[in-house]
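Please look through the sequence and the structure shown below before reading on.

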Amino acid sequence: MNSTTHTEPPIIRFRSVGKRYILQKQRPFLLHETFHRLFSRRQRRDDEFWAVRDIDITIARGESLGLVGGNGAGKSTMMSLTAGTISPTLGQVTVTGRISGLLELGAGFHPDLTGRENIYLNASLLGLCREEVEAQYKSIVDFSELHNFIDVPIRNYSSGMHVRLGFAVATHIDPDILLMDEVLAVGDQNFQQKCITRILKFRDDGKTILFVSHNADAVKRLCQRVIWLEKGRIKMQGPAEEVLAAYTSGMPK
Amino acid sequence: MAQDNATVKTHATGNMLVDIWRYRYALHNMILKDFKVRYRNMSLGIAWSVLNPLIMLGVLVVVFSYIHTNRVVENFPIFLLLGMIPFNFYSLCIAPTTGCIVENTTLMKKIIFPRIILPVSVVCSQTIQLLFQLLVLGIFLAIFKVPLSWYWLWLIPVFMIELLFIFGMGLILATINVYFRDVQYLVHSILTVMFWFTPIFYSVTIVKKSLSPLLYWIYLLNPLTGCIDTLRRAILDHLPPNPETIGPAIIMAIGTAITGALVFSSKSRELTDKL
């Protein structure tokens with residue numbers, strides 16, 4: 001719209017974002033304790049835990065960003081903040097564009113429903129209308145290669161089949177931003193390869209990708225830029241090669 | 001602590017009605033899921049939807065027609081059904097709505113969608129069950145030869161009022177339940193208490209006679225009272241609603257619905273943190 005701006009505004013922006021969790025050692029099991037807390041001036045101290053802190057990043061449209069770091073580094077919190085399932089305690093997260101609203105493949109699949117029914121339910125919860133789901137249905141099944149099992153309840157699926165269906169649904173809702181949290185952990189070599197190909201296609205189509213994985217090779221193949229998180233803060237960020245080299249060098253062989 | 005997060009964009013617009021409309025297909029699938037999950041692996045399947053109310057209401061009719069007959073109230077079995085059905089509807093909606101956020105933790109944490117879909121889908125699928133109950137009621141009305149009348153159409157606004165009340169209470173309870181899981185259990189006790197403070201086995205006229213005016217007014221604050229009274233007047237007596245009973249019911253129902261919507265929309269953002 002505005003011809004004077006040369007660069008497009010970032011599709012995702014974190015401005016000094018922090019997310020704090022209160023670690024309640026025990027839920028208030030009596031109402032009077034809660035009242036006590038509300039009205040007493042002395043706040044009982046619960047332990048605070050900052051899942052992420054002081055995060056300032058911008059992600060441009062079409063960029064693919066990898067997030068690496070150990071367990072509890074804050075990768076998944078970053079994903080949830082981007083998706084908007086949780087709100088930051090401090091700072092601001094701005095996202096402009098349709099996000100693939102799925103933080104975990106196959107989340108929301110109901111074990112008693114068949115593959116077909118789950119595709120419809122999941123895709124519609126992700127915001128697709130009837131026509132869109134019907135248009136995508138065949139392609140979802142083709143991608144998951146579950147033709148013979150599509151009318152079988154999901155509870156009879158293997159974990160690999162479950163993830164295949166989840167991945168197929170998640171990547172068929174045509175988002176601007178694709179969130180992928182440890183998607184390659186399950187599934188055989190063939191399917192992993194297929195997933196990587198599909199994610200690369202997304203990248204080539206100019207979609208934005210946020211990719212979390214412990215698999216450094218996959219991150220290297222898929223992402224131009226990588227952020228290394230440690231204890232909720234950015235330890236290092238930059239081109240994938242550099243950050244991953246530093247990240248993997250610190251790991252025991 | 002500064003709260004500066006107004007610009008986080010989710011798939012929810014903030015306007016409940018708009019969200020529900022935009023996610024109507026998801027709602028449709030959630031209701032379908034509810035039915036499929038409930039009746040899958042049962043040889044009688046969906047027939048239970050009719051059988052269940054038929055047995056539940058039928059036993060009342062049998063007991064109060066043959067064992068414990070009541071000559072004071074005409075068509076006492078029907079009189080009872082007109083109290084039981086609205087109350088059943090209420091309790092069948094409230095119990096699952098209260099737990100709907102907590103039970104769908106995975107959906108809440110892992111998928112972005114307007115949260116209002118969860119309670120609304122529960123209430124919608126119970127409303128479909130209500131239609132089966134009304135069908136059974138129709139059968140008994142025919143058996144007891146209760147004459148048809150245009151007044152029966154009052155049934156529609158009555159259930160609208162009750163739906164508003166359910167919607168509001170459901171949202172309030174579902175929200176509180178995230179903070180205090182005890183609510184789920186408390187609700188069952190409250191429903192039992194409410195059962196006896198709702199004119200199911202007796203009429204509003206008796207309540208008016210036995211209670212002091214102040215207590216009577218408090219009694220009327222339960223919207224189910226007005227709903228049941230209106231139903232009985234319309235279906236059994238062919239009379240329009242009594243403003244004295246339906247008035248407080250309408251006000252309470254609308255008030256509850258507004259409160260519920262406000263509570264739910266103001267808290268729905270931070271609910272995920274507490275799950």
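In which loop of chain A does A:Asp174 lie? In this predicted model, A:Asp174 is placed in the loop between α5 and β5 (177–181) of chain A, and its phi is near 50°, a positive value in a residue other than glycine. A:Glu145 likewise has a positive phi, near 55°, without being a glycine. The loop that holds A:Glu145 runs between α4 and α5 (159–170) of chain A, and A:Glu145 counts as partly exposed, with a relative accessibility of 44%. As background, most residues other than glycine have a negative phi.

**Chain A as a whole**

Chain A contains eight helices and eight strands, and of its 253 residues, 52% are buried. When contacts in chain A between residues at least 6 apart in sequence are considered, 71% of them join residues at least 24 apart.

**The interface between the chains**

Where chain A and chain B meet, 46 residues of chain A are in contact with 39 residues of chain B. The size of an interface is often given as the accessible area lost when the parts come together. Between chain A and chain B the buried area is about 3,600 Å², and carbon and sulfur atoms give 56% of that area. Three salt bridges are counted between chain A and chain B, and one of them joins the side chains of A:Glu104 and B:Lys110, at 3.6 Å from N to O. The count of residue pairs in polar contact between chain A and chain B, both at pLDDT 80 or more, is five. On the side of chain A that touches chain B, at least two residues each come from β1 (12–23), α1 (31–39), α2 (75–83), β4 (90–95), α3 (115–125) and α4 (130–144) of chain A. Sorted by class, that side of chain A has 23 nonpolar, 15 polar and eight charged residues.

**Aromatic rings**

| Pair | Distance between ring centres | Angle between planes | Arrangement |
|---|---|---|---|
| B:Phe35 and B:Tyr39 | 6.2 Å | 45° | tilted |
| B:Tyr90 and B:Phe165 | 5.3 Å | 10° | stacked |

B:Phe35 and B:Tyr39 both belong to helix α2 (residues 24–39) of chain B, and because they are four residues apart there, about one helical turn separates them. Both B:Phe35 and B:Tyr39 are buried. Elsewhere in chain B, ring pairs link B:Phe64, B:Phe76, B:Phe79, B:Phe87, B:Phe195, B:Trp196 and B:Phe201 into a cluster.

**A proline in a loop of chain B**

B:Pro240 is found in the loop that joins α11 (223–235) and α12 (243–267) of chain B. Is B:Pro240 buried or partly exposed? B:Pro240 has a relative accessible area of 36%, so it is partly exposed. Setting aside neighbours within four places in sequence, B:Pro240 is in contact with B:Tyr151, B:Trp154 and B:Arg233. B:Trp152 is 88 residues away from B:Pro240 in sequence, while the distance between them in space is 9.7 Å, C-alpha to C-alpha.

Note on methods
Residues numbered from 1 in each chain as written. Chains lettered and ligands numbered in written order. Predicted model: local features only at pLDDT ≥ 70, side-chain atom pairs only at ≥ 80, totals over all residues. Heavy atoms only, no water. Contact = heavy atoms within 4.5 Å. Buried area = accessible area lost by both parts, 1.4 Å probe. Salt bridge = Lys/Arg side-chain N within 4 Å of Asp/Glu carboxyl O. Polar contact = N/O pair within 3.5 Å; in protein donor to acceptor, adjacent residues only side chain to side chain. Nonpolar A, V, L, I, M, F, W, Y, C, P; charged D, E, K, R; others polar. Phe/Tyr/Trp six-rings, centres within 6.5 Å; stacked < 30°, edge-to-face > 60°. Buried < 20%, exposed > 50% of the residue type's maximum accessible area, 1.4 Å probe, protein only.
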